[in-house]
Amino acid sequence: MKSILMGAAALALMAGAVHAESPTASKRIALSNNYAGNSWRQAMLKTYEETAQAAVADGVVAAADAFTTSENQTTEQAAQIQNMILQGYDAILLNAASPTALNGAVKEACDAGVKVISFDSIVTEPCAWRIAVDFVEMGRQEVEYVASRLPEGGNLLEIRGLAGVSTDDAISKGIHEAIDTKYPQFKIVGSVHGDWAQDVAQKAVAGILPSLPDVVGVVTQGGDGYGAAEAFAAAGRPTPLIVMGNRQDELKWWAEQRDANGYETMSLSIAPGVASLAFWVGQQILAGEDVPKDLTVPFLTITQADLDEALKTTPEGSVSNVSYTLEDAQAVIAGAK
Amino acid sequence: MQARYRILLPVISLVVLLGMTFWMQPRAMSYFGLNLLFNLAVPIALATIAQMMVIMVNDIDLSLGAFVSLVACVTATWLNDTPLFGALILLGLIASYALMGAVIHMLELPAIVVTLGMSFVWGGLALFLLPTPGGASPEWIRSLMTLKPPMVPLAVLAAVIVAALTHMLVIRSKIGTVLRGLGGNARSIARAGWNVTALKATAYGLSGLFGVLSGMALVGLTTSADANIALRYTLLSIAGVILGGGEFTGGKVSPVGAVIGALTLTLAASFLSFLRLSPDWQIGAQGAILILVLTARLLFSRKGAAT
């Protein structure tokens with residue numbers, strides 16, 4: 001046992017020597033991901049893989065492996081994190097199954113000297129870094145855009161996400177705050193849960209439409225704009241201003257409408273490429289940079305002008321994506337200081 | 001030969017798997033490494049013992065995972081904020097488990113149906129208590145679960161203590177012998193003058209007790225809870241009992257084996273992750289390990305029956 005410890009110490013010393021030459025060339029990063037069952041997560045894993053492979057090939061880091069738990073269970077992911085500590089990774093990027101239930105494992109990692117960077121679904125353990133999305137701001141920006149297009153105001157329909165999930169609460173909160181405080185000319189006349197899925201949103205909107213007065217705009221959460229548009233068309237009502245959520249089917253519908261009748265809107269969501277941002281933030285932390293514990297990811301916004309470009313780069317059935325670079329990460333870090 | 005050698009196969013499986021893990025990941029071969037490998041096995045081992053208590057009387061408990069989740073939620077909220085009230089609730093949960101056992105026997109209901117139904121009750125209560133993940137572990141449980149005893153890591157020490165205590169309770173004590181007899185031949189136990197309803201309630205009550213311990217240990221490790229935190233435990237605990245040499249009928253169970261079974265299952269998952277196996281294959285590979293061990297057992301027991 002003693003000899004192993006000595007060996008580890010010697011290894012650490014050697015790693016230290018390499019460290020002096022290139023900051024993170026000997027470092028190993030692991031991605032702990034809790035779920036891979038939808039298009040967003042698939043896109044996330046793909047972006048991470050591309051970023052990681054390029055970084056390893058360039059000698060930026062020694063390894064950047066991705067692990068996904070098979071059952072999206074916190075106990076399973078906690079075990080996965082513990083295994084990563086054992087495997088000697090220097091940093092763990094974490095998309096967490098629970099904001100709190102992994103704190104024990106995260107603390108163990110921190111105590112073992114492993115840097116933990118949580119992103120997207122973040123953890124509350126203070127020793128970890130958090131790359132969070134300001135979903136409240138996302139809701140606010142939607143209302144701001146709608147107000148800029150329709151300054152005279154009117155009735156809005158709100159499509160919410162999956163009930164009980166914090167993301168849904170946050171976006172909705174931003175929408176309501178913006179209307180209550182800045183844009184009293186708007187009134188939310190109906191609110192349905194579309195579960196971030198086009199078919200669910202379409203059914204829900206079709207169900208509430210007959211009871212609604214004229215609707216001038218629809219504020220959404222992503223993955224529901226196309227379903228809403230279909231429901232309005234099926235009911236024979238004029239298509240209102242629908243804010244989109246970067247899904248390929250939404251962009252395609254938007255482009256078709258634009259070509260047919262000059263339809264104009266905007267689209268915003270969080271890009272799955274946030275995993276590549278987490279990678280670079282982790283690399284910066286390992287390089288010894290002073291990185292604040294709380295960082296905010298920018299949204300990916302698509303406007304009328306870059307619709308064609310976005311549609312071209314978004315694979316069918318997927319979601320618009322962007323791969324973040326080292327410079328992006330440095331900008332985010334600088335912005336948080 | 002069966003009873004004596006039943007424990008042999010689980011021990012061999014664990015040793016082989018441990019050897020392969022050490023070979024793959026030498027870093028694991030240390031105080032720190034062993035603790036990391038096995039500390040999440042402690043609540044699983046306790047849940048496996050809980051399941052074993054029910055399997056011992058020929059029933060099966062499909063609500064255990066949800067029950068442990070509920071206990072975790074109670075521990076992270078009420079037991080932390082108002083310890084006395086929290087403790088009462090946990091005692092109440094144990095009592096309701098005993099009641100469930102009594103009802104299953106008196107109304108001659110199939111345990112598999114009742115426990116499946118109850119799993120939704122436990123799950124609902126847990127969601128009611130903690131609609132979003134949160135809560136905090138009571139300080140004393142956290143410090144207990146992060147103890148660093150000299151020489152032997154806590155996870156290993158805890159497994160040995162649990163195995164020893166339950167061995168005394170189930171194999172050596174009078175009540176344990178009667179309970180195993182209930183699984184073996186309920187009618188003769190009844191003829192001998194025992195109150196079978198009370199016995200079933202005792203078995204389920206013990207199961208509830210270990211379920212509560214499992215949930216508390218889990219929160220001590222994770223520091224907080226959510227309503228789905230232990231749903232995997234239902235299947236893991238059944239697999240642990242069987243892997244540890246227990247059988248679904250006849251009251252043939254082995255507490256030491258069950259603890260070893262739980263350790264083996266935990267280790268198997270880590271081993272597969274060290275192998276860098278794609279997650280799509282991991283569940284399948286875990287199943288394959290299970291089938292492998294069961295096949296080996298069948299071969300052994302056939303041989304045993306022949307001689």
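**Figure 1. Helices and strands of chain A in the predicted model.** Chain A holds 12 helices and 12 strands. Its radius of gyration is 22 Å, close to the 20 Å that the globule rule gives for 337 residues, so chain A is as compact as a globular protein of that length. Along the principal axes, the C-alpha trace spans about 80 × 35 × 35 Å. Of the 337 residues, 49% count as buried. Among contacts with a separation of 6 or more, 73% come from residues 24 or more positions apart.

**Figure 2. The open sheet of six strands in chain A.** The strands follow the order β2-β1-β3-β4-β5-β11, and their pairing is parallel. At the edges stand β2 (63–68) and β11 (294–297); each has a single partner strand, so one side of each is left without a neighbour in the sheet. Neighbouring strands are turned by 20° against each other on average, direction ignored.

**Figure 3. The pairing of strands β4 and β5 in chain A.** Strand β4 covers residues 115–119 and strand β5 covers residues 129–133. The two run parallel and are joined by three bridges. A:F119 has A:I131 in β5(A) as its bridge partner.

Figure 4. A:I302 counts as buried because it has 24 C-beta neighbours inside 10 Å, where 20 or more are required. Leaving aside residues up to four places away in sequence, A:I302 touches A:N246, A:M266, A:S267, A:L307, A:A310 and A:S320. A:L268 lies 34 residues from A:I302 in sequence, yet their C-alpha atoms are 6.1 Å apart in space.

Terms used:
Residues numbered from 1 in each chain as written. Chains lettered and ligands numbered in written order. Predicted model: local features only at pLDDT ≥ 70, side-chain atom pairs only at ≥ 80, totals over all residues. Buried ≥ 20, exposed ≤ 12 C-beta atoms within 10 Å, placed from the backbone. Contact = placed C-beta atoms within 7 Å. Pairing = 2+ DSSP bridges. Helix = DSSP H or I, 4+ residues; strand = E, 2+ residues; numbered from the N terminus. Axes fitted to C-alpha atoms, helices over the stretch in contact; angles between N-to-C directions. Rg over C-alpha atoms; globule rule 2.2 N^0.38 Å.
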